[in-house]
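User: I'd like to learn how to read salt bridges and strand pairing in a model. Could you walk me through some cases?

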Amino acid sequence: SIFNKYSFNRKNNLPASIALRVLAEDRWGGEMNFEEAFKGGDSIYGEAIDTRRIEVIGQYGLAKNLLAEYSYNYHLQDSYYGTTYYKGEQHTGFAQVRWNKNIGKHYLLAGVPLRYQFYDDNTPATAKENGGNNPSVQKMIGLFVQDEYKVSDRFTALGGIRYEYSNLQGSVVAPRIALKYQPDVSQTIRLSAGNGFRIVNLFTEDHAAISGFRTVEILEELKPERSWNVNLNYARNIPTDWGLLDVDVSGFYTYFTNRIVPDYDTDPQKIIYDNLDGHAISRGFSANVNLANNQRFRAGIGVTYMDVFVNEPDDNGMKTKTQQVYAPRWSGTYNASYSLRSGTSFDLTGKFTGPMRLPVFANDFREEYSPLFNILNLQITQKVKDHLEFYAVGKNLLNFIPKNPILHPDDPFDRPGGLYWLNDGTPNPVSNPNGYSFDPTYNYAPMQGIRLMVGVRMSIH
């Protein structure tokens, strides 16, 4: 991965910059004796993903209050998931002219965005019903206007509206409102609400659709996701004898009128995608507490509670609530850092994840919910000079690895005539009475245990 950013000096101090990032990655995993020679074959199971990315981001000042912003992203993925071949290519271009100006107590912002996106792969997502290829091409033009009004020294109100028109979703209007109140310099209360929408690229966002041996079924043309959301936030700085204490608490609620959620429950042999026939809700709260002491000691902890579910009618027309898979109700992060005058620093970071619902088969011996688990990391850094430092890192120090993340791992190709399947493709009633098929969708945590590494960082000015 190579990244570099250039900034240019111009007359009247107008901004101009361009950043370039190039990334190439070749990753693989599977059975322990998997090598590249077995890629795509049915003798030893493995997953091999070759990725290429190019990103360009920049801005150019046209006038004092007029700015042009642009970006381009190219993404190529060439991969095998067992014998399943997936190749996807995506081009995304974006350009925007943005204007801003202070007029009295008003801060006005307006802009015209343009977006072009080309996406093509070898899956049903870009295939015609009668065969042939049908790449997805999105062309969008929009307009947004925003006014931030400083009502008083303590109260600020913001209102905005965004209009977009694209060849895939037609006209969409998204309003937004936000309020900020500061009782004093140490406290801030924010309330915001608005409408959101996006187009889902199914296979680039959900690799479970091509990993394993579940059949992907798309019941109809997938429409854009749409939602309404509201957020309430309270932040406060509290001076203490130990240092400055920052407290941040937020509550959020999002109502989806359409959401593309993979259905693992209807048929254990399939992943079914469809537009939402009902509504989905994501609600919860988060709390973060951070303590800083003389820049030598820092510590923090954050906790999030989320309730994510879908309400859809069943076969009898009755609304049924289904908890979303891979969505833990409780999760959190924590960190602690301490620096010595000698230039040595210690950084402890961790993340804990509560039970989450997982896709299981009928008569599955595994639990429907994962256990609470914790990933703990430690980094020790020794600064030698202003531009040189050495570090040692320990990751997943508690060595947590999920149990039985893959169902039926000893028959990854579900071979007919083998030990578990008869010649006609039906399960062997003796060795496979429950009809288990190879399926890796149960995994919910990193598969790498404790890891140790050392490195060096050098800054060049």
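User: What does Glu36 form with Lys39, and how far apart are the closest N and O atoms?

Analyst: The general idea: a salt bridge is a side-chain nitrogen of Lys or Arg within 4 Å of a carboxyl oxygen of Asp or Glu. Here Glu36 forms one with Lys39, with the closest N and O atoms 3.7 Å apart. This is a predicted model, where local features need pLDDT of at least 70, side-chain atom pairs count only at pLDDT 80 or more, and totals for chains, interfaces and linings use all residues. Residues are numbered from 1 along each chain as its sequence is written, and side-chain values use heavy atoms, leaving out hydrogens and water.

User: Is Glu36 buried, partly exposed or exposed?

Analyst: Buried means under 20% relative accessible area, exposed over 50%, and partly exposed in between (1.4 Å probe, protein chains only). Glu36 is exposed at 56%, while Lys39 is partly exposed at 35%.

User: How many salt bridges does the rule give?

Analyst: Eleven. Among them, Arg457 pairs with Glu389 at 3.0 Å between the closest N and O atoms. Arg457 lies in strand E22 (residues 451-458) and Glu389 in strand E21 (residues 388-395), so the pair ties together parts 68 residues apart in sequence. Salt bridges with shared partners also join Arg283, Asp307 and Arg329 into one network.

User: Which way do E18 and strand E19 run?

Analyst: Strands (E, at least two residues) are DSSP runs numbered from the N terminus, and two of them pair if DSSP finds at least two bridges between them. E18 and E19 (residues 344-353) run antiparallel, joined by nine bridges. They form a hairpin with four residues between them, and Gly343 in the turn has a positive phi of about 100°.
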